[in-house]
Amino acid sequence: MKHPKIGWIGLGKMGIPMVQNLINATFPVIVYNRNKAKAAAFLAEGVEMAESPATLLDTTDVVILMIADDQAVKDVFNGEAGLFSSSASGKIIINMSTVSPAISKEMAALCVQKGNQYIDAPVSGSVKQATDGSLVIMAGGAQTAFESVKPIFDTLGKLALHIGENGIGNSAKLAINTLLGFHAQGLAEAVVFAQNQGVKTNDLMELINNSALGNVFMKIKGEAILNDQYQAAFALKHIAKDLRLAKAEGLNSPLADTLFNSFQQAETDLGEEDIIAIIKKVK
Ligand code: NAP
């Protein structure tokens, strides 16, 4: 499938730049978003918008979801005019959202009953990588289905790895986001400790970024701290959700328990801010 017709569901922070990359690569794309106002910029570019997930599935070859969480997935599949109300078959549905392995396995089995295939393909990387087309994609599902949509993954990311059956992409993603949580909490605690010792944050960040611990995350989040700018690239509510999903899958170790509690407690106050806003709770 070189240039299949793509139906895209979810025009959030990640979905918008990902759709733009597909359009730039000349894939035909039709979009759907629950809040229709978010499609305005695409409509202005002449992109078509579907009335519902069901009509999107009817009129495209591959449907991709990039939506918030398990509840959103349930709504998009099972809701009124949801994907399961379409009788279309022979389609591939790719779920790139960070959700539970359980919901992927459940939806995959139901897709097969309708003659469709499901791939869980969550991503590592944030808005910058979504914009650059340099996401890291981890996929679960049939190898043949994965191979047939690989050109789409190659447009959205720098690596797309098929790692097993349905749900395993979600498991890998939860492991990676646990590590992401450690990095955010760790950076916040190191910065606050250094400040308390009289080390200037810009000096600390220059040292970290030139050390073996320097990486893209440290660079971007260090800048956010320095600029006191916590507008969400990756909303804190999403890492709180991911840690709940990981815990439900059995994550139960000393650091992870502390991390889980830290982000659950921060979510009410800081859920809409960026993950690195966790520093406000460390101070
Ligand atoms: P976001 O900006 O919060 O957008 C969420 C999207 O989900 C919106 O399109 C929203 O539609 C839709 N949605 C939420 N609840 C829904 C429901 N019940 N029914 C239908 N649609 C619903 O999120 P994002 O940052 O783009 O993240 C999307 C997914 O990627 C999440 O699973 C997140 O964990 C994951 N992720 C995010 C990042 C990141 O850095 N942002 C990185 C990697 C993975 P409305 O516009 O109608 O609300």
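**Notes on the rings and the ligand site**

1. A search of the whole structure turns up 3 aromatic pairs (rings of Phe, Tyr and Trp, its six-membered ring, with centres within 6.5 Å; planes under 30 degrees apart are stacked, over 60 edge-to-face, the rest tilted). Phe77 and Phe84 make a tilted one, 4.9 Å centre to centre with 45° between the planes. Keep in mind that this is a predicted model: local features need pLDDT of at least 70, side-chain atom pairs count only at pLDDT 80 or more, and totals for chains, interfaces and linings use all residues. Numbering runs from 1 along each chain as its sequence is written, and side-chain values use heavy atoms, with hydrogens and water left out.

2. Phe77 is buried at 0% relative accessible area (buried is under 20%, exposed over 50%, partly exposed in between; 1.4 Å probe, protein chains only). Phe84, at 17%, counts as buried too. Ring pairs join Phe77, Phe84 and Tyr118 into a cluster.

3. Phe146 and Phe153 form another tilted pair, with 5.7 Å between centres and 35° between planes. Both of these residues are buried.

4. Now the ligand. There are 25 residues around it, and Asn33, Lys38, Ala68, Asp75 and Ser126 come nearest (near means a heavy atom within 4 Å). A backbone N or O atom of Ala68 sits 2.7 Å from a ligand oxygen atom; for Thr98 the corresponding distance is 3.0 Å, and for Leu11 it is 3.2 Å.

5. On its own the ligand exposes 900 Å², and the protein buries 91% of that (Shrake-Rupley method, 1.4 Å probe).

Notes. Polar contact = N/O pair within 3.5 Å; in protein donor to acceptor, adjacent residues only side chain to side chain.
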